[in-house]
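Please look over the sequence and the structure before reading on.

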Amino acid sequence: MLMINKNSPVPIYYQLEEIIRQQIDDGTLMPGKAIPSEREYAELYQISRMTVRQAINKLVNEGLLYRKKGTGTFVQPKKVEQVFQKLTSFSEDMIERGLVPKSKVLTFEHVPVNDLIAKSLKLENNSTALKIVRIRYADDSPMAIETSYMPADLMKDLQPEQAEESIYEFIEKNLQLKIQTAYQELEATIADEKLANLLNISEGDPVLLINRITYTSDGIPFEFCQSSFCAYRYRFINYLTR
Ligand code: 16G
């Protein structure tokens, strides 16, 4: 058993933090499983519950652990590494990592475009867009909320059931369009109450907001999408050259 050395100059909460970290690394504590309670840690290592809480708070703040009201503290599933280099869909990204993509469609409706959508999709100001809001899951765990706007005419044959699967696949297979480029903007935000409930996180937790405009090989913008990614579940990677 990994031990705590009370004579060490290293603070006790920090030693416990390192023990928990190591146990997550070596699989003693498994992703999605509960860790021992504060009381159990305090008894096991003969330390105060306050010290235990300090260590656990640190790991919760880092996103390695998460608390569920009334049930305990759990090990966060491993982060998905998302490389921004290839233009891929959510479904493709999850399948590539051996995860099962799933979606729940919350909204599927035609809306008049506002200025931002009209400009992004190069539509007339009085035109209509298909708005789709989806919770995107990997192996049943929520990863992101995505709100897509697409030209209503172009997407007239898309059924809500298809939006539960891959929209990019529909565009390429059914509409026979080639998806070619995308423009993306990324910004850090925090979850409000509604987003937190949908992503199964706490209000105020970190979220990465990505706005993407995606174009076909003919240069036609077919989607303006706002994605709110659960920051605990992702690590974003870029390769840079000089
Ligand atoms: C990605 C795209 C999103 C697109 C979705 C299609 C980002 C930031 N966004 O999540 O714009 O709507 O893929 O996924 O990557 P689907 O083909 O699985 O429906």
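How do the residues of the lining of the largest pocket divide into nonpolar, polar and charged? The lining of this pocket has ten nonpolar, six polar and seven charged residues. The model is predicted, and the values below are computed from it.

## The largest pocket

The volume of the largest pocket is about 600 Å³. Its lining is made up of 23 residues, and those closest to the centre of the pocket are Y66, R67, N200, I201 and S202. Two or more residues of this lining come from each of α3 (49-62), β1 (65-68), β6 and α8 (193-199).

## The largest cavity

The structure has one cavity of 30 Å³ or more. The space in the largest cavity comes to about 280 Å³. There are 23 residues in the lining of the largest cavity, and T88, S89, F90, E146 and R212 are the closest to its centre.

At least two lining residues are supplied by each of α4, β5, β6, α7, β8 and β9. The largest share belongs to β9, with four residues. Sorted by class, the lining of the largest cavity contains eight nonpolar, eight polar and seven charged residues.

## Where the ligand sits

Which space holds the ligand? The ligand sits in the largest cavity. Around the ligand there are 18 residues, of which S91, E146, S166, I167 and E223 are the closest.

The shell around the ligand draws at least two residues from each of these elements: α4 (90-96), β5 (128-138), β6 (141-151), α7 (167-174), β8 (206-216) and β9 (221-230). With four residues, β9 gives the most to this shell. By class, the shell consists of six nonpolar, six polar and six charged residues.

## Polar contacts and cover

How much of the accessible area of the ligand does the protein cover? On its own the ligand has 460 Å² of accessible area, and the protein covers 99% of this.

## Summary

The ligand sits in the largest cavity, where about 280 Å³ of space lies. The strand β9 gives the most residues to the shell around the ligand and also the largest share of the cavity lining. The largest pocket, at about 600 Å³, has a lining with residues from α3, β1, β6 and α8, among others.

How values were computed
Residues are numbered from 1 along each chain as its sequence is written. This is a predicted model: local features need pLDDT of at least 70, side-chain atom pairs count only at pLDDT 80 or more; totals for chains, interfaces and linings use all residues. Side-chain values use heavy atoms; hydrogens and water are left out. A residue is near a molecule or strand if one of its heavy atoms lies within 4 Å of it. Accessible areas come from the Shrake-Rupley method with a 1.4 Å probe; for residues, only the protein chains shown count as cover. On a 1 Å grid over the protein atoms alone, a cavity is a set of points where a 1.4 Å probe fits but cannot get out, and a pocket is an open set with protein on both sides within 12 Å along at least five of seven lines; lining residues have an atom within 4 Å of a point. A molecule sits in a cavity or pocket if more than half of its atoms lie within 2 Å of its grid points. Ala, Val, Leu, Ile, Met, Phe, Trp, Tyr, Cys and Pro count as nonpolar, Asp, Glu, Lys and Arg as charged, and the others, Gly among them, as polar. Grid points are joined across faces, edges and corners, and a volume is the space filled by probe spheres set on the points.
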